[in-house]
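Subject: The structure to look through

Hi,

Here is the structure I promised to pass on. Have a look at it first, and then read my notes below.

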Amino acid sequence: MNPHLLLRRRTLLRAGASLALPFLLGRCAPSESTEGLTPDPASLLDLPEGFSYRVLERQGDPMDDGFRVPGKPDGMGCFAGPPGSNTLVLMRNHELEPGQDALGPYSEGQPPPSPAYRPEDLSPGGVTRVVLDASTLTRLSSNLVLTGSMRNCAGGTSPWGWLSCEESLSPGHGYVFLCDPSASSLRAPVPLPCLGKMNHEAAVVDPETFVTYLTEDRDDSCFYRFVPETPGVRLSPESRGRLQALRIEAELRRDMNAQVKTGDTFPVEWVDLPKPNAEDDSLRQQGAEQGAALFRRGEGLFFHGGAVLFCATTGGPKAGGQIWRYRPTGPQGGTLELMAQAAERGRLDMPDNICVAPWGGVVMAEDGDNPRWPDEFLRVLSPSGTVRNLARNALGSSGEFAGVCFSPDGRALFVNMQSNGLTLAITGPFQEYTSTAL
């Protein structure tokens, strides 16, 4: 990998390590309210006063390698460019599957380019790379990095590059792929069977221990980790180690949706999955047989300050979502804490992708599907527990936000508007806004 990528990542993590993030879900604008937002004259993105946005790319735009920007942009990560380049690199997933060629990177009917993953499946899913000027956020170039994968949903950062997750159980799919942020052209796919075959949502690597954490988008999902046999060695198709599921100590198959309240903590341990290479979608059943805890649709995942934050998108008494924090305290155990949950629908509305700002605020891309509240929002949970609107998709309903990620210095927030096929950069006084009381 490029050493500067890891260096910048570790610097940011150390800077945030002292942030306690003691969230207690406090007052917030209800989901049907646009409180705090100013209508956009262009009717694209409503933001608070003092914030602005820039459209970086739209689906169908030409890329610099001759392909076109694919549709359905989803999970995304931001990396610092090479030393001295003053650039940023966005690695962007596209949640496409067979039959969606019209949204793919190449023309309908055109055979998949080499080296596509499983070209016989005719899947246009994959990963694209966008290079930006770090000072102006101007788009400099973009290109296709991975194609032929299926339903690339979320993912996460690692010391070696972008982890792109397939949310698919089709034969030959359901894996995590490692993608190089320096790849200026289409590369050979690098699937990682060691991370299991499942309805993957997100993955992220602890840069100190090199343990990979994983979420699974299922109503009866587990929370997973992969402990490498040789820590620090780049993940590859040949990597070996232990794939494990989280279990609550002394509470076999604890349902984390039942009888829990914000601030509750649980001592945890990890159990090995006996058949980690299973091809039959049995990982969560294996976890259940070992007494692993049950979560409702594990989705967004982020590593910050020595802890892992993740969403249970339909967790909580009103199925409005939960945000959990796992803090390891040794190689075999740790503590799980419920940071926030929706006691009533409207306090949270199914948080999906998340990221943590350098100063500690959690940005949530909500995935609400309640017809009573059709608008799609970005919201921010401050360290004091206040939830505020950060953005509203003004183009209409079903405009899901995805791929939220900050630049390394926290100056810009990047986000995708999935069904609208847009990638944007948002700037403004983030820290001041999130620390101001409602």
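Predicted model: local features only at pLDDT ≥ 70, side-chain atom pairs only at ≥ 80, totals over all residues.

You can find glutamine 322 in strand E17, which covers residues 322-328. Its side chain has a polar contact of 3.0 Å with the side chain of glutamine 341. Leaving aside residues up to four places away in sequence, glutamine 322 also touches a list of others, including Met256, Phe310, Leu338 and Pro351.

**The overall picture**

Now zoom out. The protein has 438 residues, and 61% of them count as buried. Its secondary structure comes to three helices and 25 strands. If you take the contacts between residues at least 6 apart in sequence, 61% of them join residues at least 24 apart.

**A sheet to trace by eye**

Four strands make an open sheet, in the order E3-E4-E5-E6, with antiparallel pairing. Which strands stand at the edges? They are E3 (73-80) and E6 (139-149); each has a single partner strand, so one side of each is left without a neighbour in the sheet. On average, neighbouring strands here are turned by 20° against each other, direction ignored.

For a pair to look up, take leucine 90, whose bridge partner in E5 is valine 130.

**The nonpolar cores**

Next, the inside. The largest nonpolar core has 38 residues, and the ones with the most contacts inside it are Leu45, Leu378, Leu413 and Ile426. Strand E20 (residues 362-366) gives the most to this core, with four residues. There is also a second, separate core of 25 residues, and Ala202, Val268, Phe295 and Val308 are among its members.

Not counting residues up to four places away in sequence, leucine 413 touches, among others, Cys355, Val363, Leu378, Ile426 and Phe430.

**A hairpin**

Strand E23 (residues 401-406) is mostly covered, as six of its six residues are buried. E23 pairs with strand E24 (residues 412-417) in the antiparallel sense, over four bridges. Here phenylalanine 401 stands opposite methionine 417 in E24. What do E23 and E24 form together? They make a hairpin with five residues between them, and glycine 410 in the turn has a positive phi of about 75°.

**Charged pairs**

Last stop: the salt bridges. Side chains of opposite charge can pair when their charged atoms come close.

- Glutamate 120 pairs with arginine 118, with the closest N and O atoms 3.8 Å apart. Glutamate 120 is exposed, at a relative accessible area of 54%, while arginine 118 is partly exposed, at 28%.
- Aspartate 180 meets arginine 187 in a salt bridge of 3.8 Å, N to O. Aspartate 180 is partly exposed, with a relative accessible area of 24%, and arginine 187 is partly exposed too, at 36%.
- Aspartate 375 pairs with arginine 392, and the closest N and O atoms are 3.0 Å apart. This pair links distant parts of the chain: aspartate 375 is in the loop between E20 and strand E21 (377-381), arginine 392 is in strand E22 (residues 387-393), and the two are 17 residues apart. Aspartate 375 counts as partly exposed, at 22% relative accessibility, whereas arginine 392 counts as buried, at 17%.

Salt bridges that share partners also join Glu57, Asp64, Arg92 and Arg139 into one network.

That's everything I wanted to pass on. Happy exploring!

Key
Residues numbered from 1 in each chain as written. Heavy atoms only, no water. Polar contact = N/O pair within 3.5 Å; in protein donor to acceptor, adjacent residues only side chain to side chain. Contact = heavy atoms within 4.5 Å. Pairing = 2+ DSSP bridges. Axes fitted to C-alpha atoms, helices over the stretch in contact; angles between N-to-C directions. Core = buried A, V, L, I, M, F, W, Y, C linked by side-chain atoms within 4.5 Å. Buried < 20%, exposed > 50% of the residue type's maximum accessible area, 1.4 Å probe, protein only. Salt bridge = Lys/Arg side-chain N within 4 Å of Asp/Glu carboxyl O.
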